[in-house]
Amino acid sequence: MYTRKEQFMLKALNQANLAYRKGETPVGAIIVKDGKIIARGHNLKETKNDVTSHAEIEAIRKAAKKLGTWRLDGCEMYVTLEPCPMCAGAIIQSRISTLFIGAMDKRAGAAGSVVDLFRVQQFNHRVDVVLGLLFEECGEILKSFFEKVRSENMK
């Protein structure tokens, strides 16, 4: 039986699967306000040929449009992979209250793996960060994707 938070992360994993099927790095994100999903996003960097089209940015854009403001106070984000510095900055700037992270990103993670932008005291907004929610499931989709990419590159 999954907790409510795990159920939300499973929704983010559904978004990661959409990215996977498009040949995108399988990262998904959802934004929740008052217990309801208000936005979903997955990586579209290759599809849109846009370096900023990460799952988190896509979800933030949709949430801001839905709420009619860039201030996402009281919102939670669930993301399957630790955000990069660009996404961490956007999460902080959008004033998301809590960030739930699945797998960690040892190469580009900005929530503790490489740097930790969420611990910088000088920022005017603090985001609560919860690490490792459905860690194995979130890591498995990435592992599968990159094994497939390496296999195809060897042919």
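Good morning. Leaving aside residues up to four places away in sequence, His42 touches Gln15, Leu18, Ala19, Lys22, Val27, Gly28, Ser53, His54, Ala55 and Glu58. Please keep in mind throughout that this is a predicted model.

Where in the chain does His42 have its place? His42 belongs to strand β2. Is His42 buried or exposed? Its relative accessible area is 8%, and the cut-off for buried is under 20%, so His42 is buried. One of its neighbours deserves a separate mention: the side chains of His42 and Gln15 are joined by a polar contact of 3.0 Å.

The open sheet is formed by 5 strands, in the order β2-β1-β3-β4-β5, and the pairing is mixed. Which strands lie at the edges? They are β2, residues 36-42, and β5, residues 128-130, each of which pairs on one side only. From one strand to the next, the twist averages 20 degrees.

I shall take the pairings in turn, starting with β3. Strand β1, residues 28-33, runs antiparallel to β3, and 5 bridges join the two. Within this pairing, Val32 has Glu76 in β3 as its bridge partner. With strand β4, residues 98-103, β3 pairs in the parallel sense, over 5 bridges. Here Leu81 has Ala103 in β4 as its bridge partner. How does the chain cross from β3 to β4? It passes through helix α4, residues 85-93, and this β-α-β crossover is right-handed.

Strand β4 also pairs with β5, in the parallel sense and over 3 bridges. In this part of the sheet, Thr98 stands opposite Asp128 in β5. Helix α5 packs on the sheet and touches β3 and β4, and its direction makes about 60 degrees with that of β4. As for covering, β3 is mostly covered, with 6 of its 7 residues buried.

My last topic is the aromatic rings. A pair of aromatic rings is described by two values, the distance of the centres and the angle of the planes. How many aromatic pairs are there in this model? The count comes to 4 aromatic pairs. One of them is formed by Phe8 and Tyr78, with 5.3 Å from centre to centre and 45 degrees between the planes, and this pair is tilted. Phe8 lies in helix α1, residues 4-21, and Tyr78 in strand β3, residues 75-81; the two are 70 residues apart, and the pair links distant parts of the chain. Phe8 counts as buried because its relative accessible area is 7%, and Tyr78 is buried because its relative accessibility is 0%.

Why is the pair of Tyr20 and Phe145 edge-to-face? The ring centres are 5.5 Å apart and the planes stand at 70 degrees, so the pair is edge-to-face; the cut-off for that class is over 60 degrees. This pair, too, links distant parts of the chain, with Tyr20 in helix α1 and Phe145 in helix α5, residues 135-153, 125 residues apart. Tyr20 has a relative accessibility of 19% and therefore counts as buried, and Phe145, with a relative accessible area of 7%, is buried as well.

Finally, which residues form one aromatic cluster? They are Phe8, Tyr78 and Phe100. Thank you for your attention.

Definitions and conventions. Residues numbered from 1 in each chain as written. Predicted model: local features only at pLDDT ≥ 70, side-chain atom pairs only at ≥ 80, totals over all residues. Heavy atoms only, no water. Phe/Tyr/Trp six-rings, centres within 6.5 Å; stacked < 30°, edge-to-face > 60°. Helix = DSSP H or I, 4+ residues; strand = E, 2+ residues; numbered from the N terminus. Buried < 20%, exposed > 50% of the residue type's maximum accessible area, 1.4 Å probe, protein only. Pairing = 2+ DSSP bridges. Right-handed = clockwise from strand over helix to strand, strands pointing away. Axes fitted to C-alpha atoms, helices over the stretch in contact; angles between N-to-C directions. Contact = heavy atoms within 4.5 Å. Polar contact = N/O pair within 3.5 Å; in protein donor to acceptor, adjacent residues only side chain to side chain.
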